[in-house]
Structure formats: C-alpha cells, structure tokens
Amino acid sequence: MYLDDIADEDECNHVDSGQRWTDPAPRTGLMGRVWRLFGRLIGLLCLIVIVVQAYFLVQIGMFRWFDPPSSAFMRSEAVRLAQLSKGVEFRHQWVGYDNISRHAGLAVIAAEDTGFMSHPGIEWQAIERALKVNRESGEIAQGGSTITMQLAKNLFLSSDRSYVRKGQEVLLAVVMELLLDKRRILELYLNLVEFGEGVFGIEAAAEHYFKTSAEKLTARQAAWLASILPAPKRYDKNRNSNWIQRKTGIVMRRMPQVQAP
C-alpha cells in the first residue's frame, strides 16, 4: 500500500506538472490592445489640455502685475512683416492706463462692446446672434466677441476662425474676468490691439495716424481709431473712407452713453 500510494502520488504530480506546463497563457485580443492604446492617447490628450490651461492660468495671473511685452498675434504679425520685401516697420509702445485719454476707452467700448462694464466677459446673446448668422451664411462670418474675448484671442490664440478656438476664447475670457478687473482688461486691450499694418497699441496708433500721444487723443480721434478696429489694415490704406466717417459719427454719439473703468 505504501508503494502504491507513492506511485499514485507521483502520477498525480506528473499530471499536475504537465497541466501547468501545457496550459495556454491568457491572451489579450486585438480589440483589447486597441482600446488600451486609445485610452492612453485620450489620457495623454487630457494631460496636454490640462498643462496648456494651467499655462494660460499662470500667465493671466501674472498680468495682474506685469505688462506683457507682446501677444501671440503680435508675434505672428512680426514674423509675417519680416518676410515682406517692402519692409514694414513694427510699432508698439506700452503706455499706462492713466496716460491714455479717457476718450480712447469710451470709444472702443462704444464701438466694440457697449456692455463691457456689466457682462462677465461673455455676451451670450451676441454669440447666439453670431451662430445664427454663421448658419445662414454657411461660414464663420461673425464671432460675437466681447473686448475680453478679443483680448484673450490676441494674447494667446491664432486668428484662425473655428469653433474650437472660439470655445478656448470663451474659457480664457471667463478666467480673465475672474482674475483681472475691468480697468486692467481695458488697459491690456488698448495696448495690444492692432490698429494698422504693423501698428499695435493706442500709443503707436496715436502717433501713426495723428502725430500725437495716447494721452492727448481727442474724442473724434479716439472714435476714428475705434471705428477702424474690425479691419485696421484696410482703413490704414483708406483713411478717408465714407463708411469710416459715418461710423466715427455713430461712435461719438454712443460714447456719452457708455461707461469706462
């Protein structure tokens, strides 16, 4: 009995050992590997988005105390102008809010964003109107941007028109309104907005068009500058346009009706 028991035990061990040796290892199918790869790509994309948003957040926070030397749009234009054979001069000079004519702030608000002092960075009704126009025209013709949204675009984004960029613009505008006051937002906007071919900021614009400083701009001069903002390059070359003259008059009539910080 003892020897038989040993034999039986050896046989069981042999069978168990064989089973352990010959059992196939679990295999993952092709779809499983695809889904794992897809999950990693989504995770990487989310990480990139978080890092980019964190960068924007830090930058906006710093702008509470530090003046940005340039914007993304300015840098893009500087590269473009450098490649032109005619050699256009790039002009920009920062000037503090207290050294800007109050007419300038009133004029851009009257021309670009009459609800600037009351909205939280976004005018949803304007965006809805723009979406309706875009659907009817079959292209992105309007954006419904506030001054804060335009500043966000100029500082960080490209000038390409897409709904993805518009979504990022809205998000940045909300953050700006949370971290910066209206006075600082308007100061940044006036110093970074494009006023002509290679002309950026209210100080350079005052010198370029009127041979004066931002501090000495009259109401009509400020209204004229605000009127060319939708297409500054075009009206830099066509300064006596009847349309601009009419719009200047409209802006001047609106200026007493708006507020500036």
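Which helix does Glu169 lie in? I looked it up: helix H7, residues 163–179. Helices here are DSSP runs of H or I with at least four residues, strands are E runs of at least two, and both are numbered from the N terminus.

Ground rules, before I go on. I'm working from a predicted model, where local features need pLDDT of at least 70 and side-chain atom pairs count only at pLDDT 80 or more, while totals for chains, interfaces and linings use all residues. Residues are numbered from 1 along each chain as its sequence is written, and side-chain values use heavy atoms, with hydrogens and water left out.

**Entry: Glu169**

Buried or exposed, this Glu169? I get buried, because its relative accessibility is 0%; buried means under 20% relative accessible area, exposed over 50%, and partly exposed in between (1.4 Å probe, protein chains only). I then checked polar contacts (a pair of N or O atoms within 3.5 Å; within protein, one must be able to donate a hydrogen and the other to accept it, and residues adjacent in sequence count only if both atoms are side-chain atoms). The Glu169 side chain makes one with the side chain of Lys166, at 3.1 Å. Leaving out residues up to four places away in sequence, I found Glu169 in contact (heavy atoms within 4.5 Å) with Ser145, Met149, Gln150, Ala152, Lys153 and Leu157.

**Entry: helix H4**

How many of the residues of H4 are buried? I have 8 of 11 for this helix, residues 102–112, so I'm calling it mostly covered. The buried ones are Ala104, Gly105, Leu106, Ala107, Val108, Ile109, Ala110 and Ala111. I traced what they pack against: helices H6 (147–156), H8 (182–192), H9 (202–210), H10 (219–227) and H12 (242–254).

**Entry: Ala204**

I picked Ala204 from helix H9. Ala204 has a relative accessible area of 9%, so I list it as buried.

**Entry: salt bridges**

Side chains of opposite charge can pair when their charged atoms come close. I searched the whole structure for salt bridges (a side-chain nitrogen of Lys or Arg within 4 Å of a carboxyl oxygen of Asp or Glu) and got 10.

One of them joins Arg184 and Asp67, at 2.9 Å, N to O. Arg184 is in helix H8 and Asp67 in the loop between helix H2 (30–62) and helix H3 (72–82), so the pair ties together parts 117 residues apart in sequence. Arg184 is buried at 9% relative accessible area, whereas Asp67 is partly exposed at 41%.

I also found Lys233 bridged to Glu194, with the closest N and O atoms 2.6 Å apart. Why does this pair tie together parts that are 39 residues apart in sequence? Because Lys233 lies in helix H11 (residues 232–236) and Glu194 in strand E2 (residues 194–196). Lys233 is partly exposed at 25% relative accessibility; Glu194 is buried at 11%.

Asp236 and Arg239 meet in another salt bridge, 3.1 Å from N to O. I have Asp236 as buried, at 13%, and Arg239 as partly exposed, at 31%. Last, I followed shared partners: salt bridges join Glu77, Arg80, Glu194, Glu197 and Lys233 into one network.
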